[in-house]
Structures are given as structure tokens and as C-alpha cells.
Amino acid sequence: EVQLVESGGGLVQPGGSLRLSCAASGFTFDDYAMSWVRQAPGKGLEWVSAISWNGGITYYAEYMKGRFTISRDNAKNTLYLQMNSLKSEDTAVYYCAKDYPGLGMDYWGKGILVTVSS
């Protein structure tokens, strides 16, 4: 059974940092690209970032470039999202997702809440 479990969310002040983690199990982690997606209160899903199977290629939504860094540790079956210079607009539930070639994201975690507020 595929499981994706996010952690590391919480309340942070504007300008602060958080690192999200996503522990993966039930599939061969280093066979697949992975993504982060978020959903702000009252809004739709927004793709944040993606990383190739070996971490060699990364992609970011324009709004996150320079502030967020996606990475992975295939030995630990874990995906990360380092978020710096956080803004109130970054408040959202953050989901990690497993990519399936040609089909988009086929498995999602339950999400973790990040609240940016003073």
C-alpha cells in the first residue's frame, strides 16, 4: 500500500522558515518523480514544485522560485520542501504526491497545514 505522510508544518511568522518532510512507503521511491502541491483556504489546488527520481532536475512554480527548495533522500525514502522567507500568502495545506509518468500525480498524502502569521 502506497503511503505518503507529511510532517513539519505549523505556525511561523512572516519571513520565517519551515522544512516539510514526506515519508514514502509502499513503492520503490527512487523510481518516481515527486511533487508538492498546496491548497490555500478557500482556493483550489496549486502546484508548488517537483523533483526527478534522482533529484537531478527540479521544477518550481514561478511564485516560489528562490524561496522554496525541493529535495529528496532516496536512502531514507523521504521528500523535503525547504521554505524560506515565508509570506502570509503561503498559508495552505501542503501535500506531497507521487508522480506517474504520463498520468500526473497518482497518490497523495493527507496534507500538512502551514500557517504564516504574526
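This text goes through the disulfide of a predicted model and then through one of its sheets. Residues are numbered from 1 along each chain as its sequence is written, and side-chain values use heavy atoms, with hydrogens and water left out. Because the model is predicted, local features need pLDDT of at least 70 and side-chain atom pairs count only at pLDDT 80 or more, while totals for chains, interfaces and linings use all residues.

A disulfide is a covalent bond between the sulfur atoms of two cysteines. Here the term is applied to a pair of cysteine sulfur atoms within 2.5 Å. Searching the whole structure gives one disulfide. It joins C22 to C96, with an S to S distance of 1.9 Å. C22 lies in strand β3 (residues 18–25) and C96 in strand β9 (residues 92–100), so the bond ties together parts that are 74 residues apart in sequence. Strands (E, at least two residues) are DSSP runs, numbered from the N terminus. The torsion about the S-S bond is about 40°, so the disulfide is right-handed.

Buried means under 20% relative accessible area, with a 1.4 Å probe and protein chains only. C22 counts as buried because its relative accessibility is 0%, and C96 counts as buried at 0% too.

Strand β3 also belongs to an open sheet of four strands, in the order β1-β3-β8-β7, with antiparallel pairing. Two strands pair if DSSP finds at least two bridges between them. The edge strands, β1 (3–7) and β7 (68–73), each pair on one side only. From one strand to the next, the twist averages 15°, where axes are lines fitted to C-alpha atoms and angles run from 0 to 180 degrees between N-to-C directions. β7 pairs with strand β8 (residues 78–83) in the antiparallel sense over six bridges. R72 has L79 in β8 as its bridge partner.

Notes. Buried < 20%, exposed > 50% of the residue type's maximum accessible area, 1.4 Å probe, protein only.
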